[in-house]
Amino acid sequence: MKELFPIKQVMGFAFSLILTAVALLVYFLDMSFTAGITILLVTAFIQAGLQLVVFMHAGETEDKGAIYSNVYFGILVALVTIFGTLLIFVWDM
Amino acid sequence: MDFFDRFAVPHPSFLIYASMVAIGLTVIAVLVGITYFKKWDYLWREWLTTVDHKRIGIMYLISALLMLFRGGVDAIMLRAQLAIPDNKLLESQHYNEVFSTHGVVMILFMAMPFIMFFFNFVVPLQIGARDVAFPRLNAISFWLFFMGAMLFNISFVIGGSPDAGWTSYFPLAGNDFSTSVGSNYYMIAIQIAGIGTLMTGINFITTIFKMRAPGMKLMQMPMFTWSALISNLIIVFAFPVLTVLLAMGTMDRLFDTKFFAIGDGGSDMLWANLFWVWGHPEVYILILPAFGLFSEIISTFARRNLYGYKSMVASMVVISAFSFFVWAHHFFTMGQGALANSFFSITTMAIAVPTGVKIFNWLFTLWKGKIEFTTPMLYAMHFLPLFTLGGVTGVMLAMSAADYQYHNTMFLVAHFHNVIIPGVVYAMLGGLTYYWPKMFGFMLNERIGKWTVWLMSIGFVLAFIPMYITGLDGQARRMYTYSEATGFGPLNMVAFIGAGIMAISFALLVYNIYYSVRYSPRNIGNDPWNARTLEWATHTPVPEYNFAVMPQVKSTEAFWDAKKNGHEIFKGKIEKIHMPNSSGLPFIMSCIFFVFGFSMIFSIWPLAIISLLGILGCLVYRSFEKDHGHYIPVEEIEETETKLRGAK
Ligand code: HEM
Ligand SMILES: [Cu+2]
């Protein structure tokens with residue numbers, strides 16, 4: 001019975017609902033722009049990671065290495081693009 | 001009548017009307033020809049619906065060669081206009097349209113499909129696979145690319161060509177300054193082709209990771225396959241930026257959003273920024289497979305294994321990451337401060353290091369090799385010095401302070417042609433000559449081939465070295481004319497002559513194909529070049545299933561070791577082979593994409609909505625379609641094998 005019940009998935013589902021609820025608070029509560037954006041960014045990234053690992057089974061096959069290196073490479077490229085753009089347009093314009 | 005007014009060309013000229021007639025006649029001739037020779041069925045069965053990677057590859061090749069011709073004609077027109085001061089051949093508007101079309105066609109519709117041809121034709125054979133991971137998707141990729149390219153190509157006779165450069169910077173490309181539908185063509189045609197490219201990227205990464213022959217480890221893959229892997233990786237990370245960028249540009253033009261507007265919270269500079277976030281990786285997407293081809297060619301004809309395999313791979317991996325860190329070198333003069341510019345200057349110069357590593361590896365491969373000067377090798381030997389020159393001027397451009405002098409001059413134009421032509425184009429033509437016998441069962445004539453290379457290089461040097469000089473003297477890029485007093489006249493005349501010689505060289509290539517079809521011997525065997533990798537281990541012509549028995553690989557140069565060191569690659573006996581079924585859906589869906597794109601460009605909303613529904617319909621159909629492929633029975637395989645063995 002224990003093997004049949006997808007405990008990991010159910011927990012993951014509950015957790016992703018909680019994350020959504022927390023993100024919604026930004027709309028319903030009156031908070032500063034910085035606080036709001038911080039909450040949105042943090043919950044969004046946790047949510048994305050959760051979906052990838054729990055529901056898209058990223059770490060469950062022997063391709064684990066390839067999949068995670070691709071994800072890390074994607075994150076690297078995204079961060080460089082964002083911070084590079086900030087450098088060009090905001091910090092040094 | 002109002003409805004049809006929008007299809008009129010805004011700046012008509014005799015040449016455009018002549019082209020309309022020529023296009024119309026060609027289309028009619030082709031249709032009549034196919035009907036007359038009763039080839040519709042053959043065309044549909046063997047080509048339009050095929051999912052075979054070799055055939056899709058050949059269709060990419062044909063498209064690329066046609067587009068090379070189209071872009072080449074544009075290039076000659078540009079050079080002819082600049083050949084003498086105050087020339088009146090093209091007016092400024094036409095000049096703008098021609099250089100914009102030339103740039104887009106050459107990069108996106110010539111160079112890209114050319115590398116796709118090599119990915120498709122070579123990679124599965126090189127890794128000992130029977131097809132790509134997703135054959136159906138592969139067909140969709142090709143047809144989307146093809147429809148995007150066709151859509152772009154009709155712009156100059158229906159509604160007007162884009163005229164804001166291949167970079168299509170805002171605000172120039174916005175509605176205020178580009179009033180014709182030209183820039184809509186740019187946004188939407190490239191979008192459609194780009195979606196196809198993105199899918200190719202996913203397809204080939206999966207193919208290379210999952211479908212290698214038993215025993216082939218990553219670090220035993222042939223160098224071209226490595227370069228294809230890295231290039232497709234860059235595609236997957238860079239092309240989404242282009243997709244988003246073009247979608248935002250489309251919305252600005254069609255729905256009046258303000259992403260790239262001046263004011264209203266928009267930023268025109270954001271276009272330049274995002275364009276190059278995609279654009280710089282794009283040039284590495286093109287050059288890495290070119291490097292891969294040169295690696296194969298050089299090691300084959302130096303008759304020894306590639307020097308520094310590991311450092312070759314490492315340098316490509318480093319390039320793949322660094323290609324994303326340098327984009328701002330395309331707009332040092334946009335107004336950001338010295339800190340940002342210095343950062344991007346340094347990353348740019350750093351990327352020259354892994355590139356240099358590769359150059360030295362090729363030189364060391366040649367060292368002590370028994371070099372044989374075939375046509376593909378001659379391309380490689382011309383590539384090395386000419387490309388190095390382009391690399392050196394690239395480092396000059398990378399110095400942000402100095403770039404204030406070079407930016408937007410002919411110096412820059414000379415630089416990027418200097419890397420693109422000896423780098424990408426030579427690799428494509430050399431690779432084409434190299435793989436020609438595997439595709440068609442006969443070789444291209446070597447004598448004509450070598451004349452082609454020499455003429456190409458002489459033409460290239462005459463056409464582009466003068467542009468370095470006039471550029472330093474201040475001749476601006478994208479200027480349709482100049483006065484006699486500038487003194488640019490004589491050197492531009494030289495450049496025109498050089499371009500003419502390159503055109504002759506291209507004609508010679510076409511003649512070579514004709515000549516070889518008629519006179520080349522057909523009994524060349526499976527391995528005419530005495531090559532080293534798996535694609536030469538199977539028959540010529542390659543049977544549908546590529547390998548009757550899956551090859552077993554133990555070393556980097558599996559086929560060479562089989563020939564010289566007695567490795568056995570084809571162990572085991574023939575079994576029935578599972579192959580994917582052909583399908584008309586990719587072609588049909590891409591045709592609907594064409595209609596969708598066309599109606600978006602001209603804002604014909606009802607048609608756009610109908611065709612969008614059609615696309616969705618195709619997707620839904622595909623989701624419920626049951627397609628398990630088919631098996632080729634053992635008897636049939638044995639029959640084919642005996643026949644092909646006999647043909648030797
Ligand atoms: C016969 C060979 C060629 C000649 C003579 C030639 C000539 C030219 C000329 C005169 C320009 C316009 C410069 C200006 O006024 O700004 C140009 C632009 C350009 N060419 Fe070529 N070209 C050739 C081949 C190629 C190839 C093979 C590629 C790419 C694979 C290419 C890519 C480009 C690009 C991207 C631009 C910039 C377009 C723009 O300004 O938006 N060209 N070329
Ligand atoms: Cu660049």
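This is a guided tour of a predicted model, going from the interface of chain A and chain B to the copper ion and then to selected places in chain B.

Residues are numbered from 1 along each chain as its sequence is written, while chains are lettered from A and ligands numbered from 1 in the order in which they are written. Because the model is predicted, local features need pLDDT of at least 70 and side-chain atom pairs count only at pLDDT 80 or more, whereas totals for chains, interfaces and linings use all residues, and side-chain values use heavy atoms, with hydrogens and water left out.

**The interface of chain A and chain B**

Begin by selecting chain A and chain B together, where 16 residues of chain A are in contact with 25 residues of chain B, contact meaning heavy atoms within 4.5 Å. The two chains bury about 1,700 Å² between them, with 79% of it on carbon and sulfur atoms; buried area here is the accessible area (1.4 Å probe) that two parts lose on being put together, summed over both. Next select A:Phe73, A:Ile88 and A:Phe89, which supply 32% of the area that chain A buries against chain B, more than any other three residues.

On the side of chain A that touches chain B, the residues divide into nine nonpolar, five polar and two charged, where Ala, Val, Leu, Ile, Met, Phe, Trp, Tyr, Cys and Pro count as nonpolar, Asp, Glu, Lys and Arg as charged, and the others, Gly among them, as polar.

**The copper ion**

Now select ligand 2, the copper ion, which is coordinated by B:His280 through ND1 and by B:His329 and B:His330 through NE2, at 1.7 to 2.0 Å. Donors are N, O and S atoms within 2.8 Å of the metal (3.2 Å for Na, K and Ca), and water is not among the atoms, so sites may look incomplete. In sequence, the donor residues are spaced H-x48-H-H. B:His329 is buried, with a relative accessible area of 15%, whereas B:His330 counts as partly exposed at 21%; buried means under 20% relative accessible area, exposed over 50%, and partly exposed in between (1.4 Å probe, protein chains only).

**Inside helix 6 of chain B**

Move to B:Gly148, found in helix 6 (residues 135-153) of chain B; helices (H or I, at least four residues) are DSSP runs, numbered from the N terminus. B:Gly148 counts as buried, at 0% relative accessibility, and, not counting residues up to four places away in sequence, it touches B:Phe109, B:Ala189, B:Ile192 and B:Ala193.

**Backbone features in the loops of chain B**

Select B:Phe170 and B:Pro171, which are joined by a cis peptide bond with omega about 5°, B:Pro171 lying in the loop between helix 6 and helix 7 (182-210). Another cis peptide bond joins B:Thr540 and B:Pro541, with omega about -5°, and B:Pro541 has its place in the loop between helix 16 (489-519) and helix 17 (558-564).

Go on to B:Arg303, which has a positive phi of about 55° although it is not a glycine, in the loop between helix 9 (268-301) and helix 10 (309-322). Finish at B:Ser603, a residue other than glycine with a positive phi near 50°, which is found in the loop between helix 18 (585-601) and helix 19 (605-624) and is partly exposed, with a relative accessible area of 28%.

Conventions: Helix = DSSP H or I, 4+ residues; strand = E, 2+ residues; numbered from the N terminus.
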